[in-house]
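Subject: Structure handover

Hello,

Here is the structure I promised to pass on. Please open it first, then read my notes below.

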Amino acid sequence: MDSLALANPPIRLADRVPPQTYFVASAIFHYLGPAFAVMLFAAVQPLGVAWLRIASAAIVFAIWRRPWRYFRTLTTSERWAVVGLGVGLAGMNSLFYLAIQRLPLGTVGAIEFLGPIGLAALGARTARNILAVIVAVGGVAILTHVRLAGAPLGYLFAFANCALFVLYIVLGHRISGNGGIDRLGLAMLIAAVAAFPIGIAQAAPAFLDPRLLAAGIGVGVSSSVIPYVADQLAMARLPRASFALMMSILPATATAIGFLVLRQVPTVLELLGIALVIAGVALHRARDVGD
């Protein structure tokens with residue numbers, strides 16, 4: 001019986017769930033938390049909200065996983081990947097909030113996706129997947145039709161966030177697999193330290209108001225714990241290029257949540273862009289894409 005059990009190890013409950021399900025959960029919470037964060041901007045500046053998000057997520061991971069126990073078990077390259085991910089998360093979250101202070105959530109979501117679509121294009125192996133990338137890029141182009149002159153600094157922050165989002169996908173895949181969530185927890189602790197100098201001063205008002213502090217913690221759990229854990233569970237079972245192409249749904253979820261939570265009403269052209277993005281995801285075949 002023991003040899004049979006070793007030959008056929010039990011399947012974890014998490015592994016029974018299709019990886020696409022984790023991705024959809026991540027796509028929803030990826031922007032649901034920031035949508036609520038926008039409401040905090042009246043009382044707490046963006047960098048302060050970003051630090052509250054990162055720090056509260058780090059505390060959750062510290063209590064839940066105690067990730068520092070695993071640092072000594074990592075190889076040198078794994079440690080650098082974790083450190084790089086942590087610093088990248090600090091910058092990515094800070095830039096993202098600076099961007100959504102100035103631009104609609106759907107627009108920032110579309111720009112954020114431009115990097116992942118590049119990764120997907122690099123992984124395309126068939127005419128069908130190349131077509132899927134072209135269709136998705138067309139949808140993103142429509143979603144970013146707003147003139148750059150409207151908020152140039154917002155676009156600068158959005159494109160910088162896009163670059164760091166690519167780093168998140170690359171390093172997130174590198175740490176995924178067995179122990180991936182613990183490595184993510186380590187990275188989040190590093191992110192909290194890295195973002196401390198630029199965020200703590202702006203976060204100060206929240207420490208004087210329990211409601212603001214609770215809201216900041218809620219944003220952290222919904223923005224950095226739920227979606228990042230879901231990403232790890234999906235990344236462990238999806239090729240990087242497949243995961244990157246599925247990211248094309250993010251502009252659609254960003255636009256939908258922007259409408260439902262922030263009353264940012266999309267235009268007919270933006271709805272067309274969303275439809276093209278979803279069509280690109282539907283066309284894509286994961287088995288035709290390499291790592």
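Start with helix H10, which has a kink of about 30° centred on Val221. Keep in mind that this is a predicted model. H10 covers residues 210-235, 26 residues in total. From first C-alpha to last, H10 reaches 36 Å. That is close to the 38 Å expected at 1.5 Å a residue.

Now look at the start of H10. A side-chain oxygen of Asp209 comes to within 3.0 Å of the backbone nitrogen of Arg211. The side chains of Asp209 and Arg211 also meet in a salt bridge, at 3.6 Å from N to O. Arg211 has 69% relative accessibility. The cut-off for exposed is over 50%, so Arg211 counts as exposed.

Next, the salt bridges. Side chains of opposite charge can pair when their charged atoms come close. How many salt bridges does a search of the whole structure find? It finds three. The pair of Asp209 and Arg211 is one of them. The other entries follow.

- Asp182 with Arg65: the closest N and O atoms are 2.8 Å apart. This pair links distant parts of the chain. Asp182 is in helix H9 (residues 180-203) and Arg65 is in helix H4, 117 residues apart. Asp182 is at 7% relative accessibility and counts as buried. Arg65 has a relative accessible area of 24%, so it is partly exposed.
- Arg183 with Glu78: their side chains meet at 3.6 Å, N to O. This pair, too, links distant parts of the chain. Arg183 lies in helix H9 and Glu78 in helix H5, 105 residues apart. Arg183 has a relative accessible area of 15%, which means it is buried. Glu78 is partly exposed, at 26%.

Arg65 has another contact to look at. Its charged end sits over the ring of Trp64, 5.0 Å from the ring centre.

On to the aromatic residues. The structure holds nine aromatic pairs. One of them joins Phe23 and Phe243 edge-to-face. Their centres are 5.5 Å apart, with 90° between the planes. Which parts of the chain does this pair link? Phe23 is in helix H3 (residues 19-40), and Phe243 is in helix H11 (residues 240-246). The two are 220 residues apart, so the pair links distant parts of the chain. Both Phe23 and Phe243 are buried. Elsewhere, ring pairs link Tyr31, Phe41, Phe96 and Tyr97 into a cluster.

Last, two backbone details in loops.

- Arg66 has a phi near 45°, a positive value in a residue other than glycine. Arg66 sits in the loop between helix H4 (46-65) and helix H5 (76-100). Is Arg66 buried, partly exposed or exposed? At 43% relative accessibility, Arg66 counts as partly exposed.
- Arg263 has a phi near 60°, again a positive value in a residue other than glycine. Its place is the loop between helix H12 (250-262) and helix H13 (268-283). Arg263 is exposed, because its relative accessible area is 61% and the cut-off is over 50%.

For a first look, I would go to the kink at Val221 in H10. Then turn to the pair of Asp182 and Arg65, and to Phe23 with Phe243.

Best wishes

Terms used
Residues are numbered from 1 along each chain as its sequence is written. This is a predicted model: local features need pLDDT of at least 70, side-chain atom pairs count only at pLDDT 80 or more; totals for chains, interfaces and linings use all residues. Side-chain values use heavy atoms; hydrogens and water are left out. Rings of Phe, Tyr and Trp (its six-membered ring) pair if their centres lie within 6.5 Å; planes under 30 degrees apart count as stacked, over 60 as edge-to-face and the rest as tilted. Helices (H or I, at least four residues) and strands (E, at least two) are DSSP runs, numbered from the N terminus. Buried means under 20% relative accessible area, exposed over 50%, partly exposed in between (1.4 Å probe, protein chains only). A charge sits over a ring if NZ of Lys or CZ of Arg is within 6 Å of the ring centre and within 35 degrees of the ring normal. The expected span of a helix is 1.5 Å times one less than its number of residues. The bend at a residue is the angle between axes fitted to the seven residues ending there and the seven starting there. A polar contact is a pair of N or O atoms within 3.5 Å; within protein, one must be able to donate a hydrogen and the other to accept it, and residues adjacent in sequence count only if both atoms are side-chain atoms. A salt bridge is a side-chain nitrogen of Lys or Arg within 4 Å of a carboxyl oxygen of Asp or Glu.
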